[in-house]
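Dear colleague,

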Amino acid sequence: WASKLMDRWYGTSWRSRPSTAHAFAATWSGSRTVADELRAVLARTDIAGFTRGSALQALGQVLGPQAADALRSGVASADPLVRLGAAEGALGLTPEQRPAVVGELVGDSVRAVRLAALRVLAAAPQHIFSEELRKHLARAEGDLDLYLAANADTAEAHTQVGNIRFDQQRLTEAEGAFRRAIELDRS
C-alpha cells in the first residue's frame, strides 16, 4: 500500500533512486552479495558519515577477518562517525588483528571513538601492544572511568564497562558491572 501511495504522489521514478537500504537489508537476510553492496555504500562520497560508518560496522560482521583493509580505510577517515564504525566493525576481526587495524583509534580525538576502540582492543593479546598503544589505552581507561561517573545511573554504562572488563578477563569487575546494570534496569 505504501509503494502504491508513493507512486501516486511522486510517480514511479523514486523506485530507481539510489538507496543504501538494500545493502543493510542484505546484511540481515544473508544475501551472497551483501559484501559487494556494503562496499558500494562505502565507495559513495555523497552519503552521510553515519551511513558509511554503519556500512563498515556491518562489513566487519559479514566478512570478519577479510574486512581488515576496508576497516583500515575507515580508520583514516576525517569523519568521526566513519572511524566509530570502523572501530565497531573490528569486533569481527581476530583479536590478534585488531591492534594493527584499529589500534590507533584508542588515541582518537573523539571520546566515543576511543571507547569503541578500547572495547575492541580489550580482548586482544596485550603482549603485542606497542608502548604508545599502551599509553593510549591507559588514557582510554580514564575516559571509561569518566564516562561511567557521568552515566552511573544508567544500565547501559555499566553494561559497556562490564563488556570491556569481561574481554579483559577482569571477571570480578565485569560481574560487578553487570550486576549493577541489572539493579538499575529491572524492568
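Helices (H or I, at least four residues) and strands (E, at least two) are taken as DSSP runs and numbered from the N terminus. Ser54, for instance, is found in helix H4, residues 49–63.

Please note that this is a predicted model, in which local features need pLDDT of at least 70 and side-chain atom pairs count only at pLDDT 80 or more, while totals for chains, interfaces and linings use all residues. Residues are numbered from 1 along each chain as its sequence is written, and side-chain values use heavy atoms, with hydrogens and water left out.

Overall fold and confidence

The chain has 11 helices and 0 strands. Its C-alpha atoms fill a box of roughly 60 × 40 × 30 Å along the principal axes. Of the 187 residues, 42% are buried (buried means under 20% relative accessible area, exposed over 50% and partly exposed in between, with a 1.4 Å probe and protein chains only).

The predictor's confidence in each residue is given as pLDDT, from 0 to 100. The chain has a mean pLDDT of 91, with 99% of its residues at 70 or more. Where pLDDT is low, the predicted coordinates should not be read in detail.

The largest pocket

On a 1 Å grid over the protein atoms alone, a cavity is a set of points where a 1.4 Å probe fits but cannot get out, whereas a pocket is an open set with protein on both sides within 12 Å along at least five of seven lines; lining residues have an atom within 4 Å of a point. Grid points are joined across faces, edges and corners, and a volume is the space filled by probe spheres set on the points.

The largest pocket has a volume of about 150 Å³. Its lining consists of Leu84, Ala87, Glu88, Leu91, Ala112, Leu115, Ala116, Arg119, Val120 and Gln160. Helix H6 (80–89) and helix H8 (111–121) are the elements that give two or more residues to this lining, and H8 gives the most, with 5 residues. By class, the lining has 7 nonpolar, 1 polar and 2 charged residues (Ala, Val, Leu, Ile, Met, Phe, Trp, Tyr, Cys and Pro count as nonpolar, Asp, Glu, Lys and Arg as charged, and the others, Gly among them, as polar).

Individual residues

A polar atom of the Ser54 side chain lies 2.9 Å from the backbone oxygen of Phe50. Gly53 is also placed in helix H4 and is buried at 3% relative accessible area. The C-alpha atoms of Gly53 and Gly89 are 36 residues apart along the chain and separated by 8.7 Å.

A search of the whole structure finds 1 aromatic pair. Trp9 and Tyr10 form this pair, which is edge-to-face, at 6.0 Å centre to centre and 90° between the planes (rings of Phe, Tyr and Trp, the last by its six-membered ring, pair if their centres lie within 6.5 Å; planes under 30 degrees apart count as stacked, over 60 as edge-to-face and the rest as tilted). Trp9 counts as exposed because its relative accessibility is 57%, and Tyr10 is exposed at 53%.

Gln169 has a positive phi of about 65° although it is not a glycine. Gln169 is found in the loop between helix H10 (155–167) and helix H11 (171–184), and is exposed, with a relative accessible area of 54%.

Yours sincerely

How values were computed. Polar contact = N/O pair within 3.5 Å; in protein donor to acceptor, adjacent residues only side chain to side chain.
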